[in-house]
Structures are given as C-alpha cells and as structure tokens.
Amino acid sequence: MKRSYLLTIISASVLLVVPLLLAALLSSKGLLSQLDARNLSPSWNHLFGTDWLGRDMLTRTMKGLALSIGVGTAASISSAIIACILGLIAATLGKTADRIITWLIDCFLSVPHLVLLILIAFAAGGGMKGVILALALTHWPSLARLLRAEILAMKVAPYVIISKQLGKSSWWIATRHMLPHLLPQFIVGALLMFPHAILHEAALTFLGMGLSPHQPAIGIILSESMKYISAGMWWLAVFPGLCLFIVVRAFDMLARSLYSIIDPSRARQ
Amino acid sequence: MIRKYVVASITLLAILVAGCASQGNNHLQEGKTRPQPAELVLAIGGEPAEGFDPTTGWGRYGSPLFQSTLFKRDSQLNIIGDAAVSYTISDDGLSWQVELREDIEFSDETPLTAEDVVFTFETAQRNASVVDLTNVRSITALSTYQVQFELEKAQSSFIDLLTTIGIVPKHAYSDRYAQQPIGSGPYKLVQWEKGQQLIVEQNERYYGPQSSFKRLVFLFLDEDASLAAAKAGKVHIVAVPSTFSKQNINGMKLKAVQSVDNRGIMFPYQPEGNSTAEGYPIGNAVTSELAIRQAMNIAIDRELLVEGVLEGYGTPAYSVNDQLPWWNEASVVQDADPDAAMKLLADGGWYDSDGDGILEKNGVKAQFTLLYPAGDSIRQSLAIAVADMIKPIGISIQAEGKSWDEIGRLMYSQPVMLGWGSLDPLEMYHVYSSSYAGVGYFNPGYYSNDTVDQYMKAALEAVDMEQAHELWKKAQWDGTTGLSTKGDAPWAWLVNIDHLYYTYEQLDIGEQPIHPHGHGWPITSNIDQWKWVE
C-alpha cells in the first residue's frame with residue numbers, strides 16, 4: 001500500500017518538475033512574435049502549435065505553468081504561515097482572541113472566493129504583485145480553522161492532561177505531543193492549497209487584472225485563445241488547458257498520497 | 001481511481017474534438033434556397049455610446065442614417081447634394097450660401113427648412129463637442145430654403161463639415177433626442193436596446209431612392225459572437241477582424257473594402273513635468289526624444305504587420321491621410337531598417353551601457369508602456385508585434401490593455417495605439433495642431449510645432465482647394481520640418497485596415513467608397529443601392 005503511495009508521489013513530482021525544467025530550458029525566443037510562422041497547427045517544430053502572432057505555444061504554456069507553480073508555491077507557503085499563526089493564537093490566547101479570529105475566518109469564508117481575490121488584486125494595484133498578494137491573503141481560512149480545532153481538541157485529550165499532571169512543561173507537551181499530530185495536517189493542508197492557488201491564479205489572469213499580454217500566464221493564454229477558437233485554432237486552448245489540468249491533478253494526488261503516508265492514524269496500514 | 005481520471009480526460013478530449021469538428025457545418029441551406037427577406041440583419045458593431053445626435057458627433061464620419069446632411073460624397077468621393085442642391089462661396093471665402101431642396105420632410109411630416117439647418121449648426125456650436133464649428137461666426141436663414149454661413153476666417157475644408165453634420169428638426173429636438181432621433185434620412189429609429197440591438201424602419205417620406213429593405217436590425221455583438229451568428233445563418237452581413245478572414249462560411253462571401261481607417265502609435269511629445277487641468281500627467285521622458293520616435297518609425301516593418309496581423313487585408317500607413325489628395329508622398333520613409341534605426345539612436349545619444357539589451361541616455365532607460373483598448377484584438381496584436389519588432393534595436397515596450405476610461409487619463413503621458421481616418425483634411429489639423437493639444441482624443445501627445453501650425457492654419461484659410469492641398473502637404477514635410485516621420489514624428493503610423501465583411505452571396509452592397517474610420521457605419525452610406533441578386 002505504502003509503495004503505491006510512494007509511486008504516486010514520485011510520478012506526481014516528476015509531472016510537476018517537467019514544466020519547471022522545460023520552462024528553464026526553452027529559450028524565451030519562443031515568446032517573441034514571429035509573424036511569418038503564425039497560426040501553425042501542432043507539428044514537430046512546434047509541438048503545441050503557434051498562435052496568431054507566431055509565438056510558440058509550447059514555450060508559452062511551459063513558462064506559464066512554471067509561473068503558475070511559482071505563484072502557487074508563494075501563495076501556499078504564505079497562506080499556510082498565516083493559517084498556522086492565526087490557528088495557534090485562536091487556540092491558545094484565550095476566548096477574545098479566539099472569537100476575533102473565528103469571526104475573521106467566517107468573514108473570509110462567507111465572501112465568494114473569486115470576488116475576494118478580485119477585490120484584493122485590484123486594491124493592491126493589479127499586476128502580478130496584486131495577483132500574488134490576493135492569492136496569499138485568501139487561502140488560509142480553512143487551514144486556520146482546521147488547525148485551531150485540532151489544537152483545541154488536543155488540549156483536552158487524555159494524554160495531554162496526563163502529561164500535564166505528570167509535571168511536563170508546556171513546551172515539552174507542545175513539541176512532543178502536539179507537533180507530531182499537527183505537522184501532517186499542516187503539510188497536507190499547505191499542499192492541498194497548491195491546486196486551489198494555481199486554479200485561482202489561472203482564473204485571475206484569465207480575467208486580466210492588468211497583466212501584460214506579453215506575460216505567458218496560463219489564464220491569459222486561455223482567455224486569449226477564446227477569441228481564436230471560433231476561427232478553428234483549437235490547439236491554443238486544448239494543450240494549455242490540458243497541462244493546467246495535469247499540474248493541478250498532480251498536486252492533488254501528491255498531497256493526498258503524502259497524507260496517507262504521514263497521517264499518524266493510518267501509520268500502521 | 002486513476003482509471004476513472006483517464007476515462008474522464010478521454011471523454012473531455014472527445015467532447016472538445018467533436019466541438020472543433022462540427023465547426024465547419026452550419027445551419028444554412030445552400031444559397032439558392034435562402035429566403036430574401038425585406039428585413040436585413042447586420043452585425044457591424046459601432047454602437048455609439050452617446051446616441052444618435054449629430055450635434056454631438058453622431059455620424060461625424062458621414063452617413064448618419066437617420067438624418068440628412070446638406071451634402072454627401074458619392075463612391076468616387078465627389079461632393080453631391082443631399083438636403084441641399086448647391087452652394088456658392090464669396091470671393092473672400094468668408095460667406096457660404098447654401099440652397100436647400102424644397103421637398104424634404106422629416107419623418108414626422110414637418111418640412112425641413114433653413115430654420116432647422118440654423119438650429120442644427122447653432123446647437124452643434126453650443127455643444128462644443130467633437131464637431132468643430134469654432135470658425136463659424138453666424139448662421140442665418142436668408143429665406144425658407146436658403147442658409148448663409150459667415151466664417152471668421154476662410155476655411156477650405158468647410159464643405160466637409162457640411163457633409164457630416166446631420167440636420168435635426170428644431171421643433172422636435174430635446175434632451176432625449178440622442179435616444180429618439182427624428183430626421184429626414186432614409187431610415188427612422190424604432191427601438192434601441194443599448195448593448196444589444198437597434199431596429200430601424202424605412203422612412204416612407206425619404207426624398208431619395210428608397211432602399212429595398214423595409215427594416216434593418218443592427219446587432220451589437222462581440223467579434224467572435226458575430227462570427228458565430230454568421231455561421232449560424234442569423235445575420236446577413238457581419239463585420240469581422242482580419243483574424244477571421246480565412247473562414248469558410250457556407251453561403252457567405254468575404255468583401256474587403258479599402259479604407260483610410262488607420263492605426264498608429266501616438267507618442268507623448270513633451271518631456272515629463274506638466275499636468276492637465278484635471279491633474280493627469282503630461283509628457284514622457286522616453287518618447288519626448290526625437291531619436292526614439294524616428295528610430296521606431298524606421299525599424300517597424302509595416303508590410304510584415306499588414307501580412308502578419310491583418311492577413312494581407314490592409315496597406316502600410318505612413319501618415320494619417322495616406323492616398324488622399326492632400327497626402328505628401330515625399331514624407332514617406334524607408335522602413336523595416338533596424339540598422340538605420342540603431343544608428344539614429346546612437347547619434348541621438350542612446351547607448352546600452354549596462355548590457356541588459358535596453359538603451360539608456362542620461363540615466364533614462366529606453367522603455368515604456370504601450371496602451372491599447374483591451375478587447376480590440378487587432379490593436380493588441382499590433383502592439384505586441386511592434387514591441388517584439390522594436391526589441392532588437394534596444395527599446396523595450398510593454399503592451400498593456402486598458403479600458404477607454406483609463407486610456408483617457410493616461411494618454412497624455414503614455415503612448416497609445418490609436419486610430420483615425422477621415423476623408424476631411426480638417427482631421428490632420430485636429431490630430432497635430434497645438435490648439436487641439438489635450439482636447440478629447442485630439443492630439444493627446446501635446447505635439448506642437450509653430451511652422452506646422454502656420455502651414456495648417458494657412459491651408460484651412462485658403463480659398464482655393466489646390467492651394468490648400470499644397471499647404472497641407474507642406475505641413476507634413478516642407479524639406480526641413482513637418483509633422484511626418486521625416487520631421488518631428490509625433491506618431492508612428494502602422495497600417496490602414498481594410499474593412500472586412502461577410503455578406504450573403506446574393507446580397508449586393510453596391511460600390512463602396514473608401515471607408516473612413518469605423519464609427520458610424522460607413523458601409524451603410526449607400527444603403528439605397530443594396531439589393532438581393534440571383
């Protein structure tokens with residue numbers, strides 16, 4: 001069982017590394033327009049075809065995916081950190097703090113995610129900076145709530161109470177009892193944020209958000225391709241769309257398999 | 001688990017492929033069986049946000065559809081009478097007398113008289129919109145069918161104003177006029193659902209030849225929705241961007257109409273520092289440099305832009321008025337020459353001292369943002385293509401799509417992909433004259449050159465048309481200075497765009513004149529000649 005999880009983790013990681021490697025290896029010349037090689041359907045020279053300006057779609061897609069993965073990483077890490085801090089504060093600093101943070105979480109969760117993203121992206125002045133900021137600031141609530149609940153539950157768990165009665169210090173309890181329980185939740189929670197963040201990045205860039213059309217972001221590629229689908233240029237949407245799908249799925253599988261391996265309750269399976 | 005995803009992906013792919021494959025089909029029958037209705041459905045875009053009031057700019061490129069103009073142009077661009085029969089000009093060029101037709105009625109059955117003409121021009125003057133009547137001192141009705149225009153200064157292009165301003169009825173003019181226009185043109189408005197459609201019906205009281213179409217329905221659709229509607233057989237005539245020119249639509253043919261509808265890059269001409277009365281910054285440290293503007297003009301390969309972005313449906317543009325009688329051919333520069341451009345830049349003091357591929361001069365990097373209206377695919381493609389063409393000579397351009405509102409605030413300090421194109425030399429005056437600096441979309445770059453201003457003023461005031469044309473030509477390039485690329489190069493003109501339409505094969509849209517800029521449906525200017533043919 002564990003072996004199949006490991007296999008999934010390895011193959012998913014490979015799937016994620018491929019676009020990063022390709023993005024680094026492919027020359028950015030493919031991003032420049034080449035008007036004499038436009039509207040080419042996929043061929044050996046241009047595996048994903050070229051767009052209406054003769055830009056190589058393979059290069060654009062891979063650079064776009066690398067950007068998405070980068071943005072997703074930045075957003076997930078910062079969101080996870082925010083979630084961790086807020087979860088800890090809520091669970092340990094008394095009732096008022098808990099109430100405020102729970103209210104904040106509810107607030108964030110009650111507004112449709114995309115609306116919040118757009119608001120923050122605009123407030124931050126648009127552009128890539130706005131997109132990253134919006135993604136970083138909106139993905140923490142679910143994880144924060146989860147961590148808070150876990151800590152609250154552990155505080156009244158028999159083994160924690162017994163440890164306390166045996167005179168163990170809070171630090172000892174926190175590091176020996178709580179952390180091993182929280183870590184898997186935290187890591188998996190952070191990893192599961194990736195696909196969300198990437199999809200939201202695609203959604204935001206799809207809507208524009210003041211990004212330059214030179215920027216090979218996957219959402220921009222997809223939104224631009226919409227105009228040309230009716231002209232029969234299917235490859236503009238299909239390949240980038242499929243790649244986005246694969247990357248998101250790979251992250252999802254990676255996170256779930258990892259969870260299965262490091263989850264203490266399933267450790268003996 | 002994995003199998004489930006594989007199955008799902010294959011299904012998804014199958015749906016996509018099926019969707020692509022079914023595109024070639026459409027619901028149209030073969031041409032012969034197609035009905036030939038008296039109602040014509042058009043998807044040609046160009047919905048005027050301000051409505052249909054000629055005194056605020058509706059129909060400023062001619063053919064206002066609901067209203068008559070005093071004169072109009074035929075397909076050879078000759079001036080012919082519309083609501084007027086003739087005009088005479090006094091020797092000093094200051095007084096224009098126009099004789100009206102006596103048999104014209106508005107669609108509400110009241111006659112069109114000199115009073116209405118006076119009212120129209122006075123209202124337009126008061127509104128001070130894009131219609132420029134500042135040179136008109138007074139308008140008087142000499143009799144019921146005689147109007148006299150007194151000008152401040154002689155104006156050779158005044159006749160062009162008389163071909164573009166539609167006559168509105170004095171008795172039926174109100175604040176709501178733009179929404180509910182009444183006029184004496186070939187059609188009258190029935191219903192306007194903003195952003196969706198406009199339905200117009202034939203005006204039975206129209207004095208000219210009646211069109212064969214009782215009703216016209218204008219659909220306001222996006223570029224690709226228009227194409228989809230054409231493929232579904234829902235529209236009889238549809239305007240398309242050149243991207244769609246390679247389509248095969250069953251039962252429809254592609255018609256390319258030559259135009260002076262041009263696209264080019266407007267450069268902010270002034271150095272940074274000032275701001276407009278509203279507080280928007282004026283000037284740009286990079287584009288205020290002559291070497292930058294001229295080098296870009298020389299480096300751009302216009303033929304390639306026509307071929308690559310317009311699919312060959314267009315011509316290279318070197319000025320705002322290519323091929324028109326007042327165009328100065330001597331102002332054309334040899335383009336697609338990056339080496340000459342680089343030399344020009346080096347002579348201008350631009351060097352790449354830090355090796356990043358971008359030139360610098362006095363600490364200023366040769367980079368700027370080029371704005372274009374988001375949603376206009378041709379302007380976007382032009383912007384990106386130009387940016388990539390210019391990169392090798394060391395100028396870095398970031399193209400950025402913005403709404404017209406945002407462009408309206410930024411255009412004084414950032415280059416914009418704009419378009420003009422009129423059959424009236426007055427446009428050159430609007431675009432380049434320092435007295436129009438920062439007025440609406442006219443001359444947002446605050447270009448100014450005293451010599452050019454003087455030539456243009458003299459051209460406007462010339463009584464003789466030939467003499468006026470000579471002066472317009474000198475304003476472009478007189479051998480030492482001018483508004484063209486050889487001179488100050490405040491613009492980099494790129495292409496003239498052919499207007500492309502798919503029409504039903506049996507629909508004959510007559511002989512089209514050279515089209516001006518898109519606004520105002522130039523294609524309908526000869527609607528009375530449109531007919532179904534076998």
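This is a predicted model: local features need pLDDT of at least 70, side-chain atom pairs count only at pLDDT 80 or more; totals for chains, interfaces and linings use all residues.
1. Chain A is helical: 10 helices and 0 strands. Its pattern along the sequence is accordingly written α-α-α-α-α-α-α-α-α-α. The C-alpha trace of chain A spans about 80 × 45 × 25 Å along its principal axes.

2. Chain A has 269 residues, and 40% of them count as buried. Among the contacts in chain A with a separation of 6 or more, 68% come from residues 24 or more positions apart.

3. The contact between the chains involves 19 residues of chain A and 26 residues of chain B. On the chain B side, the elements giving two or more residues are helix H1 (2-21), helix H4 (223-231), helix H6 (302-308), helix H8 (377-390) and strand E18 (396-402). The most comes from H8(B), with 7 residues. Sorted by class, this side of chain B has 12 nonpolar, 9 polar and 5 charged residues.

4. Chain B contains an open sheet of 7 strands with mixed pairing, in the order E8-E9-E10-E1-E11-E21-E12. Strand E8 (187-193) and strand E12 (252-257) are the edge strands, each pairing on one side only. From one strand to the next the twist averages 20°. Helix H4(B) packs on this sheet, where it touches E1, strand E10 (215-219), E11, E12 and strand E21 (499-504) of chain B. The direction of H4(B) makes about 145° with that of E11(B).

5. The next position to check is B:Ala43, which stands opposite B:Val238 in E11(B).

6. Which residues have the most contacts inside the largest nonpolar core? They are B:Val238, B:Ala295, B:Leu370 and B:Val386, in a core of 211 residues. B:Val238 is the residue of E11(B) that B:Ala43 stands opposite. Helix H2 (residues 57-92) of chain A gives the most to this core, with 14 residues. The core also draws at least three residues from each of two domains of chain B, domain 1 (2-11 + 29-258 + 498-532) and domain 2 (262-497).

7. Leaving out residues up to four places away in sequence, B:Ala295 touches B:Ala341, B:Leu344, B:Leu345 and B:Ile393.

8. B:Met417 lies in strand E19 (residues 416-418) of chain B. Is B:Met417 buried or exposed? It counts as buried because it has 25 C-beta neighbours inside 10 Å, where 20 or more are required. Apart from neighbours within four places in sequence, B:Met417 is in contact with B:Arg263, B:Ile265, B:Leu370, B:Leu371, B:Tyr372, B:Arg379, B:Leu382 and B:Ala383. One of these, B:Leu370, is among the core residues named in point 6. B:Val320 stands 97 residues from B:Met417 along the chain, and the C-alpha atoms of the two are separated by 13 Å.

Technical notes
Residues are numbered from 1 along each chain as its sequence is written. Chains are lettered from A and ligands numbered from 1 in the order in which they are written. Two residues are in contact if their C-beta atoms, placed from the backbone, lie within 7 Å. Helices (H or I, at least four residues) and strands (E, at least two) are DSSP runs, numbered from the N terminus. Ala, Val, Leu, Ile, Met, Phe, Trp, Tyr, Cys and Pro count as nonpolar, Asp, Glu, Lys and Arg as charged, and the others, Gly among them, as polar. Two strands pair if DSSP finds at least two bridges between them. Axes are lines fitted to C-alpha atoms, for helices over the stretch in contact, and angles run from 0 to 180 degrees between N-to-C directions. A nonpolar core is a set of buried Ala, Val, Leu, Ile, Met, Phe, Trp, Tyr and Cys residues joined through C-beta atoms within 7 Å. A residue is buried if 20 or more other C-beta atoms lie within 10 Å of its own, exposed if 12 or fewer, and partly exposed in between; C-beta atoms are placed from the backbone. Domain bounds come from an automatic or database domain assignment.
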